[in-house]
Amino acid sequence: GRVFGALGATSALFMIGGAVIAGLATERLGAVTVLTIDSLGYVAGGAFALKALATRAARLGRKEASTV
């Protein structure tokens, strides 16, 4: 129970901090710019995940081929 409570509290603190940062950024840069930056972050994260999965799959494929 304590671990999940600490995890939930930490998550809530980061959400509050993210909302504050997003609010300040929106005031300075505008909503469209902030949403564009956010969407580019999602695209970059997806590209990173695909690259990591492809690298791991290739590594596992070589190990299986060398044991046969």
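How many residues does H1 have, and how far does H1 reach from its first C-alpha to its last? H1 has 28 residues and reaches 40 Å, close to the 40 Å expected at 1.5 Å a residue (the expected span is 1.5 Å times one less than the number of residues). This is a predicted model, where local features need pLDDT of at least 70, side-chain atom pairs count only at pLDDT 80 or more, and totals for chains, interfaces and linings use all residues. Residues are numbered from 1 along each chain as its sequence is written, and side-chain values use heavy atoms, leaving out hydrogens and water.

So what else is there? The chain has two helices and zero strands (DSSP runs, H or I of at least four residues for helices, E of at least two for strands, numbered from the N terminus). Just after H1, Gly 30 takes a positive phi of about 100 degrees.

Now look along H1, residues 2-29, where Leu 13 lies. Leu 13 is exposed, at 61% relative accessible area, and buried residues make up 1% of the 68 in the chain (buried is under 20%, exposed over 50%, partly exposed in between, with a 1.4 Å probe and protein chains only).
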